[in-house]
Amino acid sequence: MTKKNLTTVAEFILMGFTDHPQLEFPLFTMFLGFYLITLLGNVGMVILIQISVQLHTPMYFFLSHLALLDACYTSVINPQILATLATGKTAISYGRCAAQFFFFTLCAGTECFLLAVMAYDRYVAISNPLLYTVAMNPRICWSLVAGAYACGMSGAILRTACTFTLSFCNDNQINFFFCDLPPLLKLACSDTTNIEISMVFFGNIFLLVNALIILISYLLIIKAILRMKSSGSRVKTFSTCVSHLTAVALFFGTLIFMYIRSGSHKSLEEEKAVSVFYTVVIPMLNPLIYSLRNKDVKSAFKKVTGKCQVC
């Protein structure tokens with residue numbers, strides 16, 4: 001079979017959920033609802049943190065960037081899902097596919113590092129609360145956020161360069177709803193062994209580094225909490241970490257399931273379900289996780305809505 005270089009491929013065809021055409025309208029309605037809720041929740045969180053003085057702390061500074069990433073994250077994927085569901089299948093140019101892959105990887109990678117930064121922030125806040133604002137001053141906070149974006153950017157450049165230097169044969173149909181790594185590798189007719197090894201190696205390194213930062217931070221947090229004399233203080237202090245722990249469990253759990261098990265025999269439907277969970281559901285849940293049991297966010301929201309009613 002004659003091999004074609006990737007540069008000769010004009011477009012890919014995203015097949016989406018064409019295996020179940022009868023579900024396209026219900027799925028379109030569901031994903032549209034998810035997308036609107038996600039944008040409302042995350043953009044609303046960013047605005048609330050910006051306009052509420054009581055939320056101008058390092059913790060909420062990092063949370064505003066997490067919400068911004070989630071809004072961008074879902075906006076890279078969700079419109080494509082909606083377009084695919086509306087038409088049954090969607091043609092996407094080579095350039096758009098590469099751009100979508102890059103920005104999706106950038107948002108996911110940066111969020112991974114940002115969650116580790118937020119774990120460190122919780123450790124500093126709990127271990128030395130009196131010096132918290134000094135230790136996490138604006139310069140340090142911006143440096144940590146910039147570091148997270150830089151690491152996410154480097155990972156996105158590496159993965160995009162490796163993926164889009166592959167050669168493809170005649171088949172350009174991606175049986176998926178966006179340009180993700182596993183379905184793209186399946187289309188490649190050139191040897192992907194070295195690229196897959198590199199992807200798995202660097203992917204695991206990134207996950208391991210962030211997981212270690214989070215694990216060490218929480219071990220030190222537990223050590224600091226156990227030193228507290230009052231059981232009420234312990235419960236109250238640990239409750240400030242519950243939202244972050246929940247977000248970490250959802251994010252890292254699905255990534256580990258999706259990519260570390262990439263060599264196992266998973267069905268395509270299973271891959272699609274997991275991808276939907278971490279690209280659509282998690283960005284929608286994060287604002288709820290960080291607001292439902294958060295007294296500061298609730299109080300700030302009531303103040304803002306109260307001012308709006310007066311106006």
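Predicted model: local features only at pLDDT ≥ 70, side-chain atom pairs only at ≥ 80, totals over all residues.
Residues are numbered from 1 along each chain as its sequence is written, and side-chain values use heavy atoms, with hydrogens and water left out.

Buried denotes under 20% relative accessible area, exposed over 50%, and partly exposed the range in between (1.4 Å probe, protein chains only). In a regular strand the side chains alternate between the two faces of the sheet. Strands (E, at least two residues) and helices (H or I, at least four) are DSSP runs, numbered from the N terminus.

Strand β2 runs antiparallel to β1 (residues 11-14), and 4 bridges join the two; strands are taken to pair if DSSP finds at least two bridges between them. I92 of β2 is the bridge partner of F12, and T90 of β2 stands opposite L14. The open sheet consists of 3 strands in the order β2-β1-β3, with mixed pairing. Because β2 and β3 (173-174) stand at the edges with a single partner strand each, one side of each is left without a neighbour in the sheet.

Within helix α1 (residues 24-51) lies L27, which is buried because its relative accessible area is 17%. The C-alpha atoms of L27 and A86 are separated by 9.7 Å, although the two residues are 59 residues apart along the chain.

A search of the whole structure identifies 1 salt bridge, defined as a side-chain nitrogen of Lys or Arg within 4 Å of a carboxyl oxygen of Asp or Glu. The side chains of D121 and R122 meet in a salt bridge at 3.3 Å, N to O. Both D121 and R122 are buried.

K236, R293, K295, K298 and K302 form a positive surface patch. Patches comprise residues with over 30% relative accessible area and no salt bridge, like charges being joined within 9 Å and nonpolar side chains (Val, Leu, Ile, Met, Phe, Trp, Tyr) within 5 Å. Helix α10 (residues 295-310) contributes the largest share of the positive patch, 3 residues. K236 is located in helix α8 (residues 231-260) and counts as exposed because its relative accessibility is 64%.

How values were computed. Areas by Shrake-Rupley, 256 points an atom, 1.4 Å probe, with all protein chains shown as cover. Lys, Arg positive; Asp, Glu negative; His and termini not counted. Charge placed at Lys NZ, Arg CZ, Asp CG, Glu CD.
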